[in-house]
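I opened my notebook today to look up how charged side chains pair up in a protein model. My entries are below, in the order in which I made them.

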Amino acid sequence: LGRKRMEGNFEALDPVTQARFSAALASPADKSHAVTAELTALRLRVRERTARFDAWLTPATPLVPGPLTAYSTVDSALAWNRRALRNTRPGNVFDQCGVSLPLPHTALPVGLQILCPAGEDAKLLAIACAIESALNSPE
């Protein structure tokens with residue numbers, strides 16, 4: 001999004017989003033370049049080490065949402081956000097494409113996350129369709 005755009009529109013963001021972006025905006029540019037280089041190297045290692053796998057399957061989230069009243073402060077909402085996004089964060093960090101499928105035979109609002117390397121969207125969607133078909137087939 002760019003630092004200038006974020007800073008110029010910061011007040012339009014909700015408080016939770018502001019808190020999440022604050023650390024990034026406070027980071028000096030030279031640190032950003034070093035982190036970007038580390039991230040690029042990490043992504044390459046992950047791609048090399050997972051090349052023999054078709055996909056990576058995980059629960060989309062490690063928890064179900066609680067009542068809205070449990071998240072009445074920015075700190076409590078941020079804490080829940082960090083926990084809820086724990087399983088999807090690797091897909092973003094490792095630069096993977098992903099999809100979350102609902103699990104129709106559970107009473108829980110959870111999904112099955114499927115991740116593939118960046119650029120393998122067609123493969124990801126084919127795997128997701130096959131899994132969705134198996135999940136929805138009569139027992």
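This is a predicted model: local features need pLDDT of at least 70, side-chain atom pairs count only at pLDDT 80 or more; totals for chains, interfaces and linings use all residues.

Entry on the salt bridges. I looked up how many salt bridges the structure holds, and I found four. I noted that Arg3 pairs with Glu7, their closest N and O atoms being 3.6 Å apart. Because the two residues are four apart in helix H1, about one helical turn separates Arg3 and Glu7. I also checked their accessibility: Arg3 is partly exposed at 37%, and Glu7 is partly exposed at 46%.

I then turned to Glu120, which forms a salt bridge with Arg47 at 3.7 Å, N to O. This pair links distant parts of the chain, since Glu120 lies in the loop between strand S3 and H6 while Arg47 belongs to helix H3, 73 residues apart. Glu120 also forms a salt bridge with Lys123, with the closest N and O atoms 3.4 Å apart. I wrote down that Arg47, Asp54, Glu120 and Lys123 are linked in a network of salt bridges.

Entry on the patch. I found a positive surface patch formed by Arg20, Arg82, Arg83, Arg86 and Arg89. Of these I looked up Arg86, which sits in the loop between helix H4 and helix H5 and is partly exposed at 47% relative accessibility.

Entry on Ile127. I located Ile127 in helix H6, and I listed its contacts beyond four places in sequence as Asp54, Ala55, Ile114 and Cys116.

Key: Residues are numbered from 1 along each chain as its sequence is written. Side-chain values use heavy atoms; hydrogens and water are left out. Contact means heavy atoms within 4.5 Å. Patches are made of residues with over 30% relative accessible area and no salt bridge: like charges are joined within 9 Å, nonpolar side chains (Val, Leu, Ile, Met, Phe, Trp, Tyr) within 5 Å. Accessible areas come from the Shrake-Rupley method with a 1.4 Å probe; for residues, only the protein chains shown count as cover. A salt bridge is a side-chain nitrogen of Lys or Arg within 4 Å of a carboxyl oxygen of Asp or Glu. Lys and Arg count as positive and Asp and Glu as negative; His and the chain ends are not counted. The place of a charge is taken as NZ of Lys, CZ of Arg, CG of Asp or CD of Glu. Buried means under 20% relative accessible area, exposed over 50%, partly exposed in between (1.4 Å probe, protein chains only).
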